[in-house]
Each structure stands twice: as structure tokens, then as C-alpha cells.
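Hello,

Here is the structure for you to look over. My notes follow below it.

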Amino acid sequence: MKNALIVYYSRKGENYWSGSIKNLSKGNTEIVAEMIAEITGADLFEVDTVKSYDRDYYVCIEEAKKELREGARPELKSRPDSLEGYDTIFVGYPNWWSTMPMAMFTFLESYDLPGSCC
Ligand SMILES: Cc1cc2nc3c(=O)[nH]c(=O)nc-3n(C[C@H](O)[C@H](O)[C@H](O)COP(=O)(O)O)c2cc1C
């Protein structure tokens, strides 16, 4: 697939995996994003925040709930200057409180993406 990008957010470390909390060297979404990259040849971009979430899974859950309630838009470490060279963009993220991690809103809202919605 030409001119394709995979943008994803994923939590490493303490996370939920196959029914229990495990210490993951790679997040679940990250693994899927890499599979899609292998199949499609798309570029990969990992969304990451300047401020880290707590290492403890349950503390992170509460931090994310607070961010959701406040409508936070966490600052990102980096992002591509432009997405204009891409025809297809895959967006991957875990379910955080029944929506996207707030960092994905920061990312998506920082571009003019016609036809997209979130
Ligand atoms: C902050 C936070 C909030 C979550 N909220 C939900 C939820 O509302 N519903 C759900 O089914 N799973 C929820 N989960 C579990 C994640 O969606 C699940 O573990 C996912 O596979 C994590 O993907 P990742 O490893 O790519 O980060 C939550 C996990 C975290 C860390």
C-alpha cells in the first residue's frame, strides 16, 4: 500500500492482557500496528505524551479518568509536521473509558482532516 501511515497510541508496562494485569514490553495496539505495517508497508508513528502516566495500572486508570472529565489535550512529544503525503491513515488506540486516550484527540485535532470525525 502506497503512501499509508499508521498512527497509534499504546501503553507499555503494566497493562491488561488476556484477562489479567501483566508487564508488557509492547502494548497490545502496538503489536497490531506493527502487524498492519508488515502487511501494508505503511509508515508507523507512535503517539506519546510529554507527561507520562503512572507505571501502576490502577493509578493510570484514575489519571485517564480525570483527563477525560476535564477534556484534557495532553501535550505530545512530537508529531509529523504534515499528513498531506498520505492517502490512507490507519488510527489505532486502546479503549480508555469507552473512548480514545486524550492524546489521540490532541493528535487528530492538530490536523485538518477532511472527511474524518471523532
Ligand atoms: C486508562 C485506561 C482505561 C481503560 N478503559 C477501558 C474501558 O473503558 N473499557 C475496556 O474494555 N477496557 C479499558 N481499558 C483496557 C484497555 O483498553 C486494554 O487493556 C487495551 O488492550 C490496552 O491496549 P494497549 O496495550 O495498546 O494500551 C483501559 C485501560 C487503561 C490503561
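A search of the whole structure turns up six aromatic pairs. Rings of Phe, Tyr and Trp (its six-membered ring) pair if their centres lie within 6.5 Å; planes under 30 degrees apart are stacked, over 60 edge-to-face, and the rest tilted. Y9 and W96 make an edge-to-face pair, 5.4 Å centre to centre with 80 degrees between the planes. Y9 is in the loop between β1 (4-8) and β2, and W96 in the loop between β5 (88-92) and α3 (102-109), so the pair ties together parts 87 residues apart in sequence. Helices (H or I, at least four residues) and strands (E, at least two) are DSSP runs, numbered from the N terminus.

A word on the source. This is a predicted model: local features need pLDDT of at least 70, side-chain atom pairs count only at pLDDT 80 or more, and totals for chains, interfaces and linings use all residues. Residues are numbered from 1 along each chain as its sequence is written, and side-chain values use heavy atoms, with hydrogens and water left out.

Now the ligand. There are 16 residues around the ligand (a heavy atom within 4 Å). S10, N15, N28, T29 and N95 come nearest. α2 (57-70) gives the most to this shell, with four residues. β2 (13-17) and α1 (28-40) each supply at least two.

A polar side-chain atom of N15 lies 2.8 Å from an oxygen atom of the ligand. A polar backbone atom of R11 is 2.9 Å from a ligand oxygen atom.

Best wishes

Terms used
A polar contact is a pair of N or O atoms within 3.5 Å; within protein, one must be able to donate a hydrogen and the other to accept it, and residues adjacent in sequence count only if both atoms are side-chain atoms.
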